[in-house]
Amino acid sequence: MIEVSSLSKAYKIVKKKPGLSGAIKGLISREYTIKQAVNDISFTIQQGETVGYIGANGAGKSTTIKMLCGILHPTSGEVKINGRVPYASRKENARKIGAVFGQRTQLFWDIAVKESYDLLKHIYRIPDQEYEANLAYFTEKLQLEGLLDIPVRQLSLGQKMRCELAAAFLHSPSIVFLDEPTIGLDVSVKNHIRAFIKEMNETKKTTILLTTHDMQDIEEICNRIIIIDEGSILYDGDLASIKRNFGHKRVIQFEVDAYDTLAFPVSMQEKIEVVENKSANAITVTFKQDEIASSEIVGYMMNHYQVRDLTVNEVKIETIVKEIYERGV
C-alpha cells in the first residue's frame, strides 16, 4: 500500500539579519541555509498494517506524511501510495486516502456536522447507499447521534475529534493517516477513539499510519513502529521485536508495611535502580534480566520487609524509545 524508497526533503531557508540594515541587505543579496527535514528514508507498508510513525518534534514525521498525501514534492527519492505517485496524481490519491490532523479540521466550521458530511459525500463522490451505510455505522460506533445537527465550532475537542474520525473514514479509504488523533483528550475519549480505529482496521482492513507522542496509542493500536530522528530512520520493526531487543529491563513494585530504612546488599545495588515512596510505603525496583534474577530481588525483600503486595511489569514502550534515541541504534 505504501512504498517509500530513498525519500528526502530539504528546505531552503533564508538567513535573516537583524535590524533595518539587515533587511535592506536581504533585498539585495540573500543567504540561505539548507534544512534536511527527511534524509534518505525507505520503508514499505502492506495492506491492513497498523504502523506507528514516531519521533520528537522536528524529526521529520509531518514532512513525511505531507509527501505521502501529495501535498509536498520530495527533493529526491520515490514514494507510491497504492501504486500511485501521490504528488503527480493528487486527486486520484486523495480519493483513496483519509487523514486526521489533531490540530486542524476538515469539517466546515460554521455549519452543522451533518452538512459537512453531505459536502464530503459530493467531494468524494460517495454512492448514496455506501454513504448512508457508513454514516449510520459511524454514528452508532462513535456516538454521534446528538452531534450531527450542531455547528462544528460549538463542539468540544473530544466531540470534534470523533466527528473528524468519521469524516476521514466516510469514503471508505484504503489508507488513513492519523496525526496526533488523541492530543488533548481525556482518557475515556482516547479509549473510545482507539477502539474505533482498531475496529476499522480489523473489519475493513484499512491501513493505518499513526503519528503520536502518546505511547499508549502505539501499544494499543499498532503492531509495528518506525522511529525517525533528524530525518533518518532509527528503527523499523514490530512491537514484539523491539521489546525483545531493547526491553531487557523489568520493574517490580512492592507495597510494604511501614519501615525505617531501605538497604540492599552492595552486590545487588550496582545491578538495580530503586525509587522509594515512603508516604505510600511503596518501593519500585528496576533491573536488567541478564544481570540479576527477579527471584533474587523478591526473595531479599520478602526476608527483610513485610511485603503486602508486589507486581512485576515489563518496561514501558516510551522508556524503550528513549533508550533507542540515546543509543542512536
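Tutor: Before we start, one term: a contact means heavy atoms within 4.5 Å. Keep in mind too that this is a predicted model.

Student: Okay, let me try that on one residue. Which residues does L107 touch, not counting residues up to four places away in sequence?

Tutor: Leaving those neighbours out, L107 touches S116, Y117, L120, V152, C163, E164 and A167. To place it, look in the loop between strand 5 (97-101) and helix 4 (113-123).

Student: Is L107 buried or exposed?

Tutor: Here you need a cut-off: buried means under 20% relative accessible area, and exposed means over 50%. L107 has 5% relative accessibility, so it counts as buried.

Student: And L119, how does that one read: buried, partly exposed or exposed?

Tutor: L119 comes out at 37% relative accessibility, so it is partly exposed. You'll find L119 in helix 4. With neighbours within four places set aside, L119 is in contact with F108 and I111. L119 and L107 are 12 residues apart in sequence, and 9.4 Å separates their C-alpha atoms.

Student: How many of the residues of helix 2 are buried?

Tutor: For helix 2 (residues 61-69), 7 of the 9 are buried, so the rest of the structure largely encloses it. The buried ones are K61, T63, T64, I65, M67, L68 and C69.

Student: How should I read a positive phi?

Tutor: Most residues other than glycine have a negative phi.

Student: Where is S6 found, and what is its phi?

Tutor: S6 is found in strand 1 (residues 2-15). Its phi is positive, about 50°, although S6 is not a glycine. S6 is also partly exposed, with a relative accessible area of 34%. Another case is K205, a residue other than glycine whose phi is near 60°. K205 is in the loop between helix 7 (187-204) and strand 7 (207-211), and it is partly exposed at 49% relative accessible area.

Student: Now aromatic rings. How many aromatic pairs does the count come to?

Tutor: The count comes to 6 aromatic pairs. One of them is F43 with Y53, a tilted pair with 6.0 Å centre to centre and 45° between the planes. F43 lies in strand 2 (residues 31-45) and Y53 in strand 3 (residues 50-54), so the pair ties together parts that are 10 residues apart in sequence. Both partners are hidden: F43 is buried at 4% relative accessibility, and Y53 is buried at 0%.

Student: Which residues form an aromatic cluster?

Tutor: Y137, F138, F169 and F196 form one. One of these rings also has a charge over it: K204 lies over the face of Y137, 6.0 Å from the ring centre. Elsewhere, K9 sits over the face of Y11, at 5.5 Å from the ring centre.

Student: Which residues have the most contacts inside the largest nonpolar core?

Tutor: Those are Y117, L165, F169 and I242, in a core of 47 residues. Helix 6 (residues 157-169) supplies the largest share of that core, 7 residues. There is also a second, separate core of 24 residues, and among its members are M1, V38, I45 and V51.

Student: Last topic: the whole chain. How many helices and strands are there?

Tutor: The protein chain has 12 helices and 13 strands. Of its 329 residues, 44% are buried. Take contacts between residues at least 6 apart in sequence: 71% of them join residues at least 24 apart.

Student: What is the radius of gyration of the chain?

Tutor: It is 25 Å, whereas a compact globule of 329 residues would have one near 20 Å. Along its principal axes, the C-alpha trace spans about 70 × 60 × 40 Å. The accessible surface comes to about 17,200 Å², with 48% of that belonging to carbon and sulfur atoms.

Notes:
Residues are numbered from 1 along each chain as its sequence is written. This is a predicted model: local features need pLDDT of at least 70, side-chain atom pairs count only at pLDDT 80 or more; totals for chains, interfaces and linings use all residues. Side-chain values use heavy atoms; hydrogens and water are left out. Rings of Phe, Tyr and Trp (its six-membered ring) pair if their centres lie within 6.5 Å; planes under 30 degrees apart count as stacked, over 60 as edge-to-face and the rest as tilted. Helices (H or I, at least four residues) and strands (E, at least two) are DSSP runs, numbered from the N terminus. Buried means under 20% relative accessible area, exposed over 50%, partly exposed in between (1.4 Å probe, protein chains only). A charge sits over a ring if NZ of Lys or CZ of Arg is within 6 Å of the ring centre and within 35 degrees of the ring normal. The radius of gyration is taken over C-alpha atoms; the globule rule is 2.2 Å times the number of residues to the power 0.38. Accessible areas come from the Shrake-Rupley method with a 1.4 Å probe; for residues, only the protein chains shown count as cover. A nonpolar core is a set of buried Ala, Val, Leu, Ile, Met, Phe, Trp, Tyr and Cys residues joined through side-chain atoms within 4.5 Å.
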